Amino acid sequence: MSPRSTKVSKYLAKHLRHAPSEIGLTLQPGGWVAVDDLLRAAGENGFPITYDELVECVETNDKRRYSFDETGDVIRASQGHSVEVDLQLEEREPPEVLYHGTVDRFLPSILSVGLNKGKRHHVHLSKDFETARKVGARRGGPVVLTVDAGRMHRDGHEFFLSANGVWLTDAVPPEYVTKT
Ligand code: HQG
């Protein structure tokens, strides 16, 4: 990602996940907004983005955070929202094991009450260890937890897979979490 794309990505994260109303946008079901509305709102609110910059940001994004629908007329963040929106994700059977990256200081709480979603819609889980390690490293020395996703699913917990490959669930009770 170019430095400009990283800036655009951060702006999109803020307004497609957390604060659309701050620039006069409302997310449609699925989290979609019209590309024209987004570009107009960004320009009117002091962060002009060209259509080509938007496409470059979507296509080169390190985590494929954003996608256009098949018409190309609307865009959304695939996951990570805090604003209330129905992402219309389909329930999926998860792999036997998923990983969650965090830091040491959260461990006592996580091992006692489990993983909770905090401000986001879901707890975010990764299918590979390395991705989880990077997620944890955003906050300090990373600690990777193993989640018994297969067992959770058999016990009735729902899982969803975002368009960019992040596994999502409502909460992970502590009995399914192990420190690796
Ligand atoms: C922790 C980024 C104490 C949890 C990433 C995490 C991801 C608890 C933090 C995506 C807890 C929440 C999401 C408990 C959970 N007690 N701490 N009971 N349960 N926590 O940012 O998973 O770059 O909301 O371990 O790559 O870190 O934005 O979630 O440390 O995919 O696209 O509370 O965000 O993607 O933090 O990250 P977050 P996350 P993007």
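**Ligand site and domain layout**

The centres of domain 1 and domain 2, taken over C-alpha atoms, are 27 Å apart. The assignment places domain 1 at 3-77 and domain 2 at 98-179, with bounds that come from an automatic or database domain assignment. The model is predicted, so local features need pLDDT of at least 70 and side-chain atom pairs count only at pLDDT 80 or more, while totals for chains, interfaces and linings use all residues. Residues are numbered from 1 along each chain as its sequence is written, and side-chain values use heavy atoms, with hydrogens and water left out.

Now to the ligand. Its shell holds 17 residues, and R17, K63, H100, S109 and R139 are the closest; a residue is near if one of its heavy atoms lies within 4 Å. Among secondary-structure elements (DSSP runs, helices H or I of at least four residues, strands E of at least two, numbered from the N terminus), β4 (98-103) and α4 (107-113) each supply at least two. The largest share, three residues, belongs to α4.

Polar contacts are pairs of N or O atoms within 3.5 Å. A polar side-chain atom of K63 is 2.5 Å from a ligand oxygen atom. For R120, a side-chain N or O atom sits 2.8 Å from an oxygen atom of the ligand, and a polar backbone atom of G114 is 2.8 Å from a ligand nitrogen atom. On its own the ligand has 780 Å² of accessible area (Shrake-Rupley method, 1.4 Å probe), and the protein covers 84% of that.

Definitions and conventions:
A polar contact is a pair of N or O atoms within 3.5 Å; within protein, one must be able to donate a hydrogen and the other to accept it, and residues adjacent in sequence count only if both atoms are side-chain atoms.
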